[in-house]
Amino acid sequence: MAKPSFLPPFMFGLLFATFGVVLSAKYSNITVDQSALLALKSHITHDPHNFLATNWSTSTSVCNWIGVTCGSRHHKVTALNLSSMDLTGTISSQLGNLSFLTWLDIHQNSFHGSLPIELTNLCRMKYLDFGNNSFNGEIPSWFGCFTELQILNLYLNNFIGVIPSTLGNLSKLEMLDLAGNLIFGRIPNSLFKCKELKH
């Protein structure tokens, strides 16, 4: 009769340590994303339908929050859709900590103020819709950092000034909508480098 095989004690320790590292990494990832979204929630001064007030709670997983989509493999926040929720507020700089975010849609709300430069950390961004809000200031030149961006909607805001030439860095851009702002000056020649631009 074969003897039962047992793992040596050091193997148990190794397995336990590995599991602990994986578990803590997953937990810390969610904690970072949760903190970023809670910071955004704290910058929202009016939530008339209580979408976030009742649903964005630490008692449930951030992946189950309204408007939030997580990746199935790494459980990081990949999309945030808060469009048409009648929200009023400003954009928290901590939103830039959502390192796996590819889709951000907050159109048709009453967000205002300027956009924090920390959003440049969102290097995976493909879809960005800030349309129909009340953002002001110049269109940030750092939008040119979003080299994966395909859609950029900034229509119906209070942006002023010229179109930044850095938008020519967006080689994958397919749609650009700047209508309904206070933009003046020439269309930069750099936009002709956006060979995928259709609209």
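In this predicted model, six strands form an open sheet, in which the order is β1-β4-β6-β8-β10-β12 and the pairing is mixed. Its edges are taken by β1 (44-46) and β12 (182-183), each of which has a single partner strand, so that one side of each is left without a neighbour in the sheet. Strands, like helices, are DSSP runs numbered from the N terminus, with at least two residues (E) required for a strand and at least four (H or I) for a helix, and two strands are taken to pair if DSSP finds at least two bridges between them. Residues are numbered from 1 along each chain as its sequence is written. Local features need pLDDT of at least 70 and side-chain atom pairs count only at pLDDT 80 or more, whereas totals for chains, interfaces and linings use all residues; side-chain values use heavy atoms, with hydrogens and water left out.

Within the sheet, strand β4 (residues 88-89) pairs with β6 in the parallel sense over 2 bridges, and Gly89 stands opposite Phe111 in β6. A parallel pairing over 2 bridges also links β6 to β8, where Gly113 stands opposite Phe135 in β8. Strand β8 (residues 134-138) is in turn joined to strand β10 (residues 158-161) in the parallel sense over 3 bridges, with Gly137 placed opposite Phe159 in β10. In a regular strand the side chains alternate between the two faces of the sheet. In strand β6 (residues 110-113), the covered face carries Phe111 and Gly113, while Ser110 and His112 lie on the uncovered one.

Phe184 is located in the segment after β12. With a relative accessible area of 53%, Phe184 is exposed, where exposed denotes over 50% relative accessible area, buried under 20%, and partly exposed the range in between (1.4 Å probe, protein chains only). Although Phe184 and Val162 are 22 residues apart along the chain, their C-alpha atoms are separated by 5.4 Å. When residues up to four places away in sequence are not counted, Phe184 touches Gly161 and Val162, contact being defined by heavy atoms within 4.5 Å.

A search of the whole structure for disulfides, each a pair of cysteine sulfur atoms within 2.5 Å, finds 1. This disulfide is formed by Cys63 and Cys70, whose sulfur atoms are 2.2 Å apart. The torsion about the S-S bond of Cys63 and Cys70 is about -95 degrees, and the disulfide is therefore left-handed. Cys63 is partly exposed, with a relative accessible area of 23%, whereas Cys70, at 18%, is buried. Cys123, by contrast, is in no disulfide, and the nearest cysteine sulfur, that of Cys145, is 9.9 Å away; at 45% relative accessibility, Cys123 counts as partly exposed. Cys145 is likewise in no disulfide, its nearest cysteine sulfur being that of Cys123, and Cys145 counts as partly exposed at 41% relative accessibility.
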